[in-house]
Amino acid sequence: MTWSIIAKDPETGAFGVAVTTKFFAVGALCPHGAARIGALATQALVNPLYGTDGIRLLAEGRSAEEIVAVLTAQDPGRGSRQLHVIDRAGRTAAHTGEDCIDWCGHLTDEGVSVAGNMLAGPAVIEATLETYKRRLDLTFADRLMTALDAGQAQGGDKRGKQSSAIRIWRDEPYPVLDLRVDDHPEPLDELRRLYRVAHERFLAFMDAMATRSNPAGITDRSWIDERARAYQERLAANTSA
């Protein structure tokens, strides 16, 4: 199942994972990451320990290539797994097991990686990567979702559609964006709708949350209101463009 994109935003240093599949609740198992250290996606016959152990190895400063080698070497089921990793420096590495179901494969580049299995064909991940690299005009979250849209236009998961997710980590231990569509006939459309709803108040509240450098966060509700208006105006401008 599944294809996903993992990336490091060159402007903000944020890490993100976006994923979609014909499988229930992909956001519960596939995307993993942490601020300032990297992100990964575990898919095909998912091994959740890749997420737990991979984040620990990223925190130790291991390279993406080393992490993929370590995780797959200790897993007797690696032939049925797919894994790709991006480390704090933006280096990427991936593994597609020999028993993953066609079409399966991955494409890695500096600062971004795309991987998938049970896909309509290689054009799915090719379009996903090409679109992400080309759409520099978009915000990081928009780039990730637009990239998946491009892959879906090439056929996506050959079994159909069901769930999707996007997670982004910026500077703090918690993600600044964490949206999931667990079961929907058009999961990417629903993910985009949730992202639009997040512009109403949620994104502004996340900007006001407590941080390590400012443990109180921002408690001025007028600041939050103004921030929310700014997000809504940006969304409206992008929608009309």
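Reader: Which residue in strand 2 is the bridge partner of Trp3?

Author: Strands are DSSP E runs of at least two residues, helices H or I runs of at least four, both numbered from the N terminus. Two strands pair if DSSP finds at least two bridges between them. Here, the partner of Trp3 in strand 2 is Thr20. Strand 1 and strand 2 (residues 15-21) pair in the antiparallel sense, over six bridges. This is a predicted model: local features need pLDDT of at least 70, side-chain atom pairs count only at pLDDT 80 or more, and totals for chains, interfaces and linings use all residues. Residues are numbered from 1 along each chain as its sequence is written, and side-chain values use heavy atoms, leaving out hydrogens and water.

Reader: What is the strand order of the open sheet?

Author: The order is 7-8-1-2-9-10, six strands with antiparallel pairing. Strand 7 and strand 10 (177-181) are the edges, since each pairs on one side only.

Reader: Which strands does helix 4 touch?

Author: Contact means heavy atoms within 4.5 Å. Axes are lines fitted to C-alpha atoms, for helices over the stretch in contact; angles run from 0 to 180 degrees between N-to-C directions. Helix 4 packs on the sheet, touching strand 1, strand 2, strand 9 and strand 10. Its direction makes about 150° with that of strand 1.

Reader: Is Ser163 buried or exposed?

Author: Buried means under 20% relative accessible area, exposed over 50%, partly exposed in between (1.4 Å probe, protein chains only). Ser163 has 0% relative accessibility, so it counts as buried. Ser163 lies in strand 9 (residues 163-169). Beyond neighbours within four places in sequence, its contacts include Val19, Thr20 and Pro187.
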